[in-house]
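Dear colleague,

Please find below the structure that I am handing over to you.

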Amino acid sequence: MEKEIRTEEPRLMKGNEALAEAAIRANIDAYFGYPITPQSEVIEYLMFEVPNRKDKKTVVLQAESEVASINMVYGAAGAGARVMTSSSSPGISLMQEGISYIASAQLPCLVVNVVRGGPGLGTIQPSQSDYFQATKGGGHGDYHLIVLAPSSVQELADFVFDAFKLAEKYRNPAMILADGALGQMMEKVVLPKDNSLPKVSKPWATTGKTKDRERNIITSLFIQPEVMEKVNLELQEKYAAMQSEVRWEELNTDDAEVLLVAFGLSARICQKVMDLGRAKGIKIGLLRPITLYPFPYKRIAELAEKVDFILDVEMNAGQMVEDVRLAVEGRAPVYFKGRMGGMISTPDDILNEVEAISEKLNVLHQ
Amino acid sequence: MEEKLILEDGIEVEQVYRRPETLTDVPYHYCPGCSHSVVHNVLMEVVADLGIQEQTIGVAPVGCSVFAYHYMNVDMQEAAHGRASAVATGIKRVMPDKLVFSYQGDGDLAAIGTAETIHTANRGENILVVFINNGIYGMTGGQMAPTSLPGMVTSTSPYGRDVSMVGYPLKITELVAQLPATYYVTRQSAHNPNAVRKLKKAITKSFEYQQQKKGTCFIEVVSNCPSGWKMTPVETIKYLEEVMFPYYPLGDLKVPKN
């Protein structure tokens with residue numbers, strides 16, 4: 001996706017606040033949300049900032065729950081608005097019923113998950129343990145979200161624009177899957193240009209039945225199985241078309257003998273692992289999926305032909321690694337390194353793992 | 001409305017009533033004698049009478065009236081169970097000049113959707129909530145509702161509602177009337193022509209208040225369920241008058257102070 005033309009100086013911003021500012025600049029019509037750590041700064045920023053922006057008509061409403069928030073998103077999206085919500089893991093779980101309805105009714109919107117460690121009430125520390133929930137559906141029924149995984153505050157801001165572009169192109173809900181560290185940390189960011197995301201026409205929206213058209217109905221109820229199957233086939237065709245939107249980043253994969261695969265914050269840590277490894281003469285490359293749905297199966301399969309082994313690194317018990325294995329189909333050994341519950345592997349931990357695997361496989365990397 | 005028509009056998013008659021353009025030409029699926037079709041008719045007649053078809057967006061619930069959008073010829077959204085007022089909030093907030101109503105049953109509004117109902121009314125969302133209370137879950141086959149009366153036999157209270165175990169019928173309309181941001185709260189019925197006329201008046205006022213941006217209007221319609229109550233339609237009318245209305249007394253609970 002092309003980058004917006006940037007005219008501003010970089011700012012030092014917290015991830016959650018950069019996300020919220022990007023949402024204002026993307027001219028969202030409405031934000032509905034409920035506070036939860038570690039992402040409450042999103043609604044706080046919007047509540048503070050929007051009244052001072054006289055050119056903006058953004059609705060910002062603190063709902064009574066995440067359940068209400070996502071259903072307000074449904075209503076507003078169905079009315080043709082550009083609308084978003086954000087939350088963190090337990091709140092996103094509460095939203096799953098509504099997200100399933102939104103996917104079925106084919107409403108474009110943005111849901112941001114600033115993931116914290118679980119299961120249950122868990123911890124407020126960062127985690128990537130909602131990968132399955134985000135990429136495999138999450139709620140009931142056969143559906144997918146478009147899932148973007150930022151690995152910097154810059155991407156947290158940029159992906160608001162990218163997510164709405166994709167959501168509106170495919171009439172599908174999009175998710176930004178971040179984590180508590182990205183939401184809370186401060187980094188340099190050059191914000192996307194204000195008013196640079198054009199509105200799209202939504203002739204299906206419930207804006208009031210005019211004389212020149214039939215009534216518009218937003219629903220996810222298709223009670224006849226023949227019709228429900230047809231709707232499902234249409235959805236599957238849409239998901240097939242979305243595969244062309246797959247995005248990833250590669251670092252040092254040309255000569256790599258070891259391939260690290262990691263997304264989001266884990267990919268940032270893996271960049272350091274790569275540098276440390278290369279300083280020791282270990283040719284490490286990194287593939288970072290940017291879209292988690294669609295997933296870069298094809299490219300991982302190609303790289304699997306060239307490397308001695310793949311190490312998948314996540315902040316969970318091993319979720320994306322299942323997709324990596326599906327992509328690799330036995331072409332190379334695939335290993336997993338992860339920590340759970342809000343803990344984060346250090347670069348040294350990961351490099352030690354690379355060296356231990358190399359020794360086990362009896363492959364020399366010096 | 002009044003037009004002269006010549007019937008096939010040459011008799012000249014005057015048309016005094018016709019299906020308003022706000023209702024589709026689709027037969028109702030509701031059970032014979034059920035209030036839903038009457039309330040649908042009245043609601044859509046008001047939309048036609050006020051000339052607000054182009055401005056009106058409705059929200060259908062989960063329950064017997066899940067297919068309300070098959071009949072109501074206005075733009076509509078179908079909400080998840082209990083969430084109709086949240087969906088209506090989302091619509092209204094992004095289109096404050098349109099007219100938005102939700103149409104919900106007792107299970108939807110007063111059990112699974114209690115939080116949304118109370119908080120929508122507490123924010124004073126400028127919408128109309130039409131609440132059909134027949135004290136039973138009709139669509140799923142006659143289970144106990146939050147508004148089922150003490151001792152009422154349903155498929156999940158087969159020996160009668162035992163209030164010591166499951167609590168008392170929830171008078172949610174009284175709760176809603178307590179909230180400072182609600183503007184007009186009333187309890188009506190649709191069981192005889194006079195009641196239907198009063199209901200129509202209440203709906204008309206509610207849309208007018210919404211046009212004046214006055215806040216939440218809430219109309220409970222104490223209704224029947226011949227299939228769920230296992231009664232003939234005529235028997236349900238008697239039950240309404242003798243059993244339901246004493247517990248849910250008809251009339252205004254909150255009227256605008258002028």
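H4(A) provides the largest share of the lining of the largest pocket, namely 4 residues. Helices (H or I, at least four residues) and strands (E, at least two) are DSSP runs, numbered from the N terminus. Please note that this is a predicted model, in which local features need pLDDT of at least 70 and side-chain atom pairs count only at pLDDT 80 or more, while totals for chains, interfaces and linings use all residues. Residues are numbered from 1 along each chain as its sequence is written, chains are lettered from A and ligands numbered from 1 in the order in which they are written, and side-chain values use heavy atoms, with hydrogens and water left out.

Pockets

The largest pocket holds about 390 Å³ of space. Among its 19 lining residues, A:Ser100, A:Ser104, A:His140, A:Ser220 and A:Met228 are the closest to its centre. Two or more lining residues come from each of helix H4 (89-105) and helix H8 (225-242) of chain A. By class, this lining comprises 11 nonpolar, 6 polar and 2 charged residues.

The terms are as follows. On a 1 Å grid over the protein atoms alone, a pocket is an open set of points where a 1.4 Å probe fits, with protein on both sides within 12 Å along at least five of seven lines; lining residues have an atom within 4 Å of a point. Grid points are joined across faces, edges and corners, and a volume is the space filled by probe spheres set on the points. Ala, Val, Leu, Ile, Met, Phe, Trp, Tyr, Cys and Pro count as nonpolar, Asp, Glu, Lys and Arg as charged, and the others, Gly among them, as polar.

The second largest pocket has a volume of about 240 Å³. It is lined by 19 residues, with B:Val62, B:Gly63, B:Cys64, B:Tyr137 and B:Gly138 nearest its centre. In chain B, strand S5 (99-105), helix H4 (106-112) and strand S7 (136-137) each contribute at least two residues to this lining, and H4(B) gives the largest share, 3 residues. The classes here are 7 nonpolar, 10 polar and 2 charged residues.

Helices of chain A

Helix H12 (residues 347-361) of chain A has 15 residues and spans 21 Å from its first C-alpha to its last, close to the 21 Å expected at 1.5 Å a residue; the expected span is 1.5 Å times one less than the number of residues. Its buried residues (under 20% relative accessible area; exposed is over 50%, partly exposed in between, with a 1.4 Å probe and protein chains only) are A:Ile350, A:Leu351, A:Val354, A:Ile357 and A:Ser358. Seen down the axis of H12(A), these residues fall within an arc of 120°, so they line one face of the helix; the arc is that of the directions from the helix axis to the C-beta atoms. On the other side of H12(A), A:Glu359 and A:Lys360 are exposed. The cover over the buried residues of H12(A) includes strand S11 (258-261), helix H9 (264-279) and strand S12 (284-289) of chain A, where contact means heavy atoms within 4.5 Å. Just after H12(A), A:Asn362 adopts a positive phi of about 60°.

In strand S11 of chain A lies A:Val258, which is buried with a relative accessible area of 0%. The C-alpha atoms of A:Val258 and A:Val334 are 10 Å apart, although 76 residues separate them along the chain.

In helix H2 (residues 41-49) of chain A, the buried residues are A:Glu41, A:Val42, A:Ile43, A:Tyr45, A:Leu46 and A:Glu49. Their cover includes strand S1 (11-14), strand S3 (59-62), strand S4 (83-87) and helix H7 (180-184) of chain A.

Backbone and loops

The peptide bond from A:Gly118 to A:Pro119 is cis, with omega near 0°; A:Pro119 sits in the loop between strand S5 (109-115) and helix H5 (131-135) of chain A. Another cis peptide bond joins A:Tyr293 and A:Pro294, with omega about 0°.

B:Lys230 is not a glycine, yet has a positive phi of about 55°. B:Lys230 is placed in the loop between helix H9 (226-229) and helix H10 (233-247) of chain B and is exposed, at 70% relative accessibility.

Yours sincerely
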